[in-house]
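Take a look at the model below. The text walks through it step by step.

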Amino acid sequence: MAARKENKVISAAQAVAMIRDGDTIAIQGMGTQMSPLALVREIIRAGKRDLKAAMVVGGIGLDWLIAAGCVSKVMAIIVNLDEFGMANAFRRAVEAGQVTMEEYTEHQMFTRFSAGAYGLPFMVTQSGLGSAVVDLHPDTTKVIECPFTGQKVIACRALVPDVCILHAHRADALGNVQFFPKPIWGDVDVFPRASNKVIVTVEEIVDTEEIRRTPERTGLPYFKVDAVVHVPYGAHPCSLFPNYNFDRCVMEHYAAESRTQEGAKVFLEKYVLGPKNQAEYLQAVGGAEALLRIKSFWS
Amino acid sequence: MGKVSQDYTIDELMVVTLAHAFTDDDIMLNGTVSYIPVSAFMLARETHAPKMTWVAGAVGVDADPGYIIGNTLDPTMWKNCVMYLPQLGDMWGYVHRNTLEIFCIRGAQIDQYGNVNNSIIGKDYHKPKVRLPGSAGMGDMCTLHKRIYIWSTTHNPRTFVEKVDFLAAPGYLSGGDARAKLGLRNGPEIVVTDLCVMDFEPTSKRMRLKSVHHGVTPKEVQQETGFELLIPADVPETPGPSVEEVELLRKKIDPKNMRKLEFRGSKTKV
């Protein structure tokens, strides 16, 4: 369905219906940056279960998903709240044996996605040779020898997620997705290309004519995109550089509340499960005041 | 170098000590929550190494944000750069080719051979007593032939352990030529902590005391270290920063004192 040059704009609820329980889901994001958090909130409201989250850096969105009981397995290199400290729901869930953490080095993770994006069974990296990380998952990383030089390298098995979710600056209705600057983060680059279905939320929907005027900004063409959802401030409380900063107030609040399971639950009730949509969410986190908080990067 | 500062704090001493380790020929990269190394890169560029390159947050080539605005991985740090380095093809390519050859790391556990763990505490990885964030870029950089600079604001027996619970980021592995045998070049160079500076004895690759910070004795360092440290007969004091370096750090590079955030949970007061 992605290949068609047709209108792909749907609602967040419709987009989330494309995700099935048990799916492997690639989620874009850094600790405080560029993550499709409006869609994450919608996934939590839809009560999805047994998701396998594939990320590079797991942040607040992943911690919410875990606190809400949506995730059974995490594939990532690190999970934390960046300068705001530990991802406590993640920590508790792994310690209690409720969630499995499949840890990789960063380039092993990217190599798994790259093999998926190329349709190859595996690709190789040197990253992690001598690290115990390699031995954690013999079914996905294995030390092999280069057939030409005998040099030891690590074969990383292709990862093909069922769904990829992304948040971007803008797109047209067909699904030509533009970023500013053009993809520099590896997840924006390779996650959608490796995945079977791609859902993109955007700050703004523009005419295809505008895309044709600025093709150098397009990071993902319409033929790889299944759904476009219009969600202004869709990365909140993370940042979308250079549009808006992360919301220190919400990040700090969640970091403090989530120190207990009860606190995390109360937070989710108030800010994720309570609000029915993005507008109600933005209202809950402070309305116009919240938008003013994230207006500047340079303070 | 100028007059030695009389009122420096340990965070400033750590930054300056790290800064002195880098030269005009180096290309620096940084990861998340790395205020001390980033302060060191910016300081080195302002003082003895003006031709040094810093790729801010592994993205902003030769960035100049002016001062440390927020997290060291934040896009604000890319300000005034000459290029946004695409991560997948470019950055990881330069890292594999060793064009980018240096990385600074820290972790919850560090052992006598410079192996570092930030993944789990406990005997069984799959049933951890404490689940830590994960090894992130450390697992990559320590296995991709980098010269590694370790920093720690918590020099105590919980951090400096006999053996790491999980070997995520290999230093010299079991010591001697164990690392070289695997085909891994370079490795840990120095360890800068809130008490002292350490390096690695060239043959055994065991951690060795290099200098102690003002007011700290070698005996105290050993008491705070969970393994037997190599201690030479003569251990000098870590050279203090100059008045100029301290001024630059406080007024220009890090006026918001972000570097002091790294001392949450440390016995050392800054």
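What follows covers a sheet, a chain contact and a helix.

This is a predicted model. Start in chain B. Five strands form an open sheet there, in the order β5-β10-β11-β12-β13, and the pairing is mixed. The edges belong to β5 (102–105) and β13 (207–212) of chain B. Each has a single partner strand, so one side of each lacks a neighbour in the sheet. From one strand to the next, the twist averages 20 degrees.

Now go inside that sheet. Strands β10 (residues 147–152) and β11 (residues 187–193) of chain B run parallel, joined by six bridges. Within this part of the sheet, Arg147(B) sits opposite Gly187(B) of β11(B). In general, strands of a sheet pair through backbone hydrogen bonds, either parallel or antiparallel.

Next, the two chains. On the chain A side, 43 residues are in contact with 41 residues of chain B. Elements of chain A that give two or more residues to this side are β5 (78–79), α4 (88–95), β6 (100–103), α5 (106–118) and α6 (186–194). The chain A side divides into 21 nonpolar, 14 polar and eight charged residues.

Why is α4(A) largely enclosed by the rest of the structure? Seven of its eight residues are buried. They are Asn88(A), Ala89(A), Phe90(A), Arg91(A), Arg92(A), Ala93(A) and Val94(A). In chain A, the buried residues of α4(A) pack against β3 (57–58), α3 (60–67), β5, β6 and α9 (261–273). They also pack against β9 (130–131) of chain B. Just after α4(A) comes Gly97(A), with a positive phi of about 75 degrees.

Methods: Residues numbered from 1 in each chain as written. Chains lettered and ligands numbered in written order. Predicted model: local features only at pLDDT ≥ 70, side-chain atom pairs only at ≥ 80, totals over all residues. Pairing = 2+ DSSP bridges. Helix = DSSP H or I, 4+ residues; strand = E, 2+ residues; numbered from the N terminus. Axes fitted to C-alpha atoms, helices over the stretch in contact; angles between N-to-C directions. Contact = placed C-beta atoms within 7 Å. Nonpolar A, V, L, I, M, F, W, Y, C, P; charged D, E, K, R; others polar. Buried ≥ 20, exposed ≤ 12 C-beta atoms within 10 Å, placed from the backbone.
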